[in-house]
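Me: I am new to this structure and would like to learn how to read its features. Could we take them one at a time?

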Amino acid sequence: MNCLATTITITCKPTLISDMAVAVDPFSDKFPYFNRSSQRCRLQSLTNLDFNFLQSFKPKPEDDNIHRSVSSPCFSIASSANMEEDKKATAAPRIEILGGQRVPTVRALVAEVTMAIVSGAQPMLLPSGLGGAYLLQTGKGLKIAVAKPVDEEPLALNNPKKSGSLRLGQPGMKHSIPVGETGVRELAAYLLDYQGFSSVPPTALVSISHVPFHVSDAFSSMPYKVASLQRFVCHDFDAGELGPGSFTVASVHRIGILDVRVLNLDRHAGNMLVKRCEQDKGVGTAELVPIDHGLCLPECLDDPYFEWLNWPQALVPFTDTELEYISNLDPFKDAELLRNELHSLPESAIRVLTVCTVFLKQAAAAGLCLAEIGEKMTRDFARSEDSFSLLETLCTKAKATVVDKGNEAKCEVEISEIIHVSKPPLAPKGPHAKEKKRGNTMRSKSPPMSVNHAESEGVSFGDMTTVQWDMFLESFQTLLQEALSKRLMPSLGK
């Protein structure tokens with residue numbers, strides 16, 4: 001059985017059982033509380049706790065302060081020494097992991113944030129950016145993470161910088177990503193960054209109670225906040241403060257590969273951090289760290305923004321290591337991962353991931369460089385506002401074939417129904433004859449699909465059934481293969 005509990009142990013030197021904090025089996029009633037009065041607690045282990053000892057751990061009946069949990073890992077500050085302390089505990093800070101609890105680095109991050117809050121650390125609103133982003137640090141000033149409550153996103157009604165009035169679920173800064181749904185996408189990008197290939201910092205999706213974030217009058221009754229947590233990255237600059245020639249080819253390629261997979265709509269220079277580097281190492285040696293992935297995995301194909309698109313590094317061919325990484329990507333395994341871990345991420349967004357990963361794999365195998373792949377996914381507004389990308393064009397063609405096949409199948413069913421009628425009824429006379437005849441035909445139970453897309457919509461995959469989706473993927477891969485083999489990609493995009 002896989003253990004889902006966070007691997008955190010608090011060690012003390014107590015004299016009474018009520019002063020202890022015990023790590024317990026995750027499939028029990030409540031996660032353990034610990035006494036704030038003890039100043040000798042310290043973090044012993046974050047990621048490699050051996051849970052075997054729990055099998056033999058049987059608390060005595062009088063040890064009623066040991067609580068257990070059957071849900072996701074939850075960190076809470078509470079005590080049960082007396083009624084007064086219990087009353088205070090109800091308003092104590094509480095952090096629950098909503099997504100990523102199986103990942104050790106996620107649990108470690110949340111554990112560190114919890115310990116900082118235990119020490120009395122307060123979130124500090126950062127002045128940069130349009131949304132509510134809070135720096136969390138230890139009592140000694142060590143920066144741990146950045147928290148972004150989903151109800152404080154840019155344009156959201158509860159935004160602390162008064163930059164919006166939209167409610168959760170309404171179209172946000174990008175029409176294809178609703179307000180309040182960037183946090184789950186932040187986590188998705190981290191989960192998809194296998195083996196830290198693109199250096200996405202550890203990210204979690206959590207529920208935080210009784211922590212002083214911004215609360216407007218309209219949200220004053222909310223008992224908790226859902227927020228993304230991303231580990232803070234020490235850096236000297238962002239990419240916008242240095243010329244593109246300062247960065248390594250490898251770091252640009254690895255960020256670009258991730259951006260293509262998740263169709264990042266907002267990869268600008270400000271969300272690529274430059275890690276601390278020695279000045280005497282020369283040009284082209286700085287490493288980049290990508291952050292802020294809330295505007296990826298849109299619910300339909302949209303126009304991405306790749307800052308690296310015109311950088312010289314993007315014109316350099318992929319290395320064998322990069323090609324091997326791309327070749328080993330499994331879009332269907334990725335989709336299943338997100339379905340299992342992130343239940344709030346819509347299926348339409350997961351299908352966008354599948355399409356973009358298939359596009360990346362085939363294009364890279366055909367010898368295209370990163371700049372060429374990014375160009376084929378980006379709309380060319382120099383031609384006209386209605387000039388869609390090659391990716392959108394191929395998807396529209398593939399979706400049209402699914403509609404055509406569906407209509408053919410429907411016609412075959414209707415013809416079959418007519419042929420197999422042994423004694424067809426007499427055709428009624430009068431103006432309503434056609435209506436009655438039309439009422440005898442079999443109609444599809446599948447939802448209607450739209451193959452046209454306006455600038456405000458894009459190509460959507462959420463309106464297809466599973467059978468139609470499989471047909472679409474088969475058609476899309478065939479069209480893409482033909483375009484790559486014939487080297488007709490520029491003409492197809494016109």
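Reply: A salt bridge here is a side-chain nitrogen of Lys or Arg within 4 Å of a carboxyl oxygen of Asp or Glu. This is a predicted model, in which local features need pLDDT of at least 70 and side-chain atom pairs count only at pLDDT 80 or more, while totals for chains, interfaces and linings use all residues. Residues are numbered from 1 along each chain as its sequence is written, and side-chain values use heavy atoms, with hydrogens and water left out.

Me: Where do E336 and R339 sit relative to each other in helix α6?

Reply: In general, an α-helix has 3.6 residues a turn, so residues three or four places apart point the same way. E336 and R339 are three residues apart in helix α6, which puts about one helical turn between them. Helices (H or I, at least four residues) and strands (E, at least two) are DSSP runs, numbered from the N terminus.

Me: Which residues are linked in a network of salt bridges?

Reply: The network links E336, R339, E347 and R351.

Me: How many salt bridges are there by this rule?

Reply: The general idea is that side chains of opposite charge can pair when their charged atoms come close. Here the count comes to 14 salt bridges. Among them is the one between D334 and R261, at 3.1 Å from N to O. D334 lies in helix α6 (residues 331-341) and R261 in helix α4 (residues 249-262), so this pair ties together parts 73 residues apart in sequence. D334 and R261 are both buried. Another salt bridge joins R267 and D259, at 2.9 Å from N to O, and both of these residues are buried.

Me: How many residues of helix α3 are buried?

Reply: In helix α3 (residues 182-192), 11 of the 11 residues are buried, so the helix is largely enclosed by the rest of the structure. Its buried residues include R185, E186 and Y190.

Me: Which strands pair with β9?

Reply: Two strands pair if DSSP finds at least two bridges between them. Strand β7 (residues 143-149) pairs with strand β9 (residues 224-231) in the antiparallel sense over five bridges; A145 has R231 as its bridge partner in β9. Strand β8 (residues 203-209) also runs antiparallel to β9, joined by seven bridges, and L205 has S228 as its partner there.

Definitions and conventions: Buried means under 20% relative accessible area, exposed over 50%, partly exposed in between (1.4 Å probe, protein chains only).
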